[in-house]
Amino acid sequence: MVQQERKLTIPTSPNLATRCRVRNQSMSASSDDEKWSFKAQPVPDMSRKFVPKHDHVNLTEPEPFHLSTEDRHRMYEEQMKRRVVEEEQKQRESRVFKANPVRSASDLNKVGVSSVEKKTLTEPKPFNLRSEARHEHFSQMWEMQVEKDLENERAKFSSFTARAVPKTVTDSSKVFTPRRASKPLTEVREFELNVDRRGEVRKEFEKRRADKEAMLEAERREEERRRQEDEQRELKELRQSMTIKARPVPESVYTA
């Protein structure tokens, strides 16, 4: 099978809407540039001095604020002042003393003094309480019970009743005779206290510790003695090695 030759793919740019928009803007910008021309301002003349011009404009005159809250506050203050004045006026009027006029004899006769009834004074009466009646009743009952108990005590101590003679006095068979107990006697045993046992254990422990300390002390002394002997021997060997030995005179001295 013969393969057909394929043509190369030629890439083409996509037709995007943004492309048209950019072109339109660039075209409009170029048209504006062509329409408007740049004109530079002339160079100022430095020989003339700058003189500012006075602007004849009236300055702004501030006016005070007019708030409704201020009106309400002023109205409330006036009301409060009027109320305070009225209260003070009432207090002053209430403190002023005004006595009633004295009645004349003719006025008393018109009223009819003789016809006034004379009332008797109120006579106080004691209260009739139920608690007082109950108290009286219980007091009487208590007194009666106490009196009865006293009478019983007097009757009890006034009459003497002797006890009957015990039968052991008249009948010898009923005399109490102790019997020998069949229970064996208690055997007394030596008791062992825990303190004594702990003391023996402690004594053995102290003995073992003393033996161990003596053995360690003997070993230490033996070690010390050996160390001293080694030091003496090493010192002796050192001294022997340090003995000065003169070298013989060379033969050249004698031949000369």
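Biologist: What makes up the secondary structure of the protein chain, helices or strands?

Modeller: This is a predicted model. Its chain has seven helices and zero strands. Read along the sequence, the pattern is α-α-α-α-α-α-α.

Biologist: How much of the protein chain counts as buried?

Modeller: Of its 256 residues, 0% count as buried. Buried would need under 20% relative accessible area. The accessible surface comes to about 29,400 Å², and carbon and sulfur atoms hold 55% of that.

Biologist: Which residues gather in the patch of negative charge?

Modeller: Glu 192, Asp 196, Glu 200 and Glu 204. Glu 204 lies in helix α6, residues 194-241. Its relative accessible area is 48%, so Glu 204 is partly exposed.

Biologist: How do you know that Asp 71 and Arg 74 meet in a salt bridge?

Modeller: The cut-off is 4 Å, from a side-chain nitrogen to a carboxyl oxygen. Their N to O distance is 3.0 Å, so the pair qualifies. They are three residues apart in helix α2, residues 68-95, which means a separation of about one helical turn. Both are partly exposed: Asp 71 has a relative accessible area of 31%, and Arg 74 has 42%.

Biologist: What makes Arg 225 and Glu 229 a salt bridge?

Modeller: Their closest N and O atoms are 2.5 Å apart. That is within 4 Å, so the pair counts. Four residues apart in helix α6, they are separated by about one helical turn. Arg 225 is partly exposed at 38%, and Glu 229 is partly exposed at 41%.

Biologist: Which residues are linked with them in a network of salt bridges?

Modeller: Glu 222 and Arg 226 join Arg 225 and Glu 229 in that network.

Biologist: Why is the contact between Arg 233 and Asp 230 called a salt bridge?

Modeller: The closest N and O atoms lie 3.0 Å apart, within the 4 Å cut-off, so the name applies. The two residues are three apart in helix α6, about one helical turn.

Biologist: How many salt bridges does the whole structure hold?

Modeller: The search finds 11.

Key. Residues are numbered from 1 along each chain as its sequence is written. This is a predicted model: local features need pLDDT of at least 70, side-chain atom pairs count only at pLDDT 80 or more; totals for chains, interfaces and linings use all residues. Side-chain values use heavy atoms; hydrogens and water are left out. Buried means under 20% relative accessible area, exposed over 50%, partly exposed in between (1.4 Å probe, protein chains only). Accessible areas come from the Shrake-Rupley method with a 1.4 Å probe; for residues, only the protein chains shown count as cover. Patches are made of residues with over 30% relative accessible area and no salt bridge: like charges are joined within 9 Å, nonpolar side chains (Val, Leu, Ile, Met, Phe, Trp, Tyr) within 5 Å. Lys and Arg count as positive and Asp and Glu as negative; His and the chain ends are not counted. The place of a charge is taken as NZ of Lys, CZ of Arg, CG of Asp or CD of Glu.
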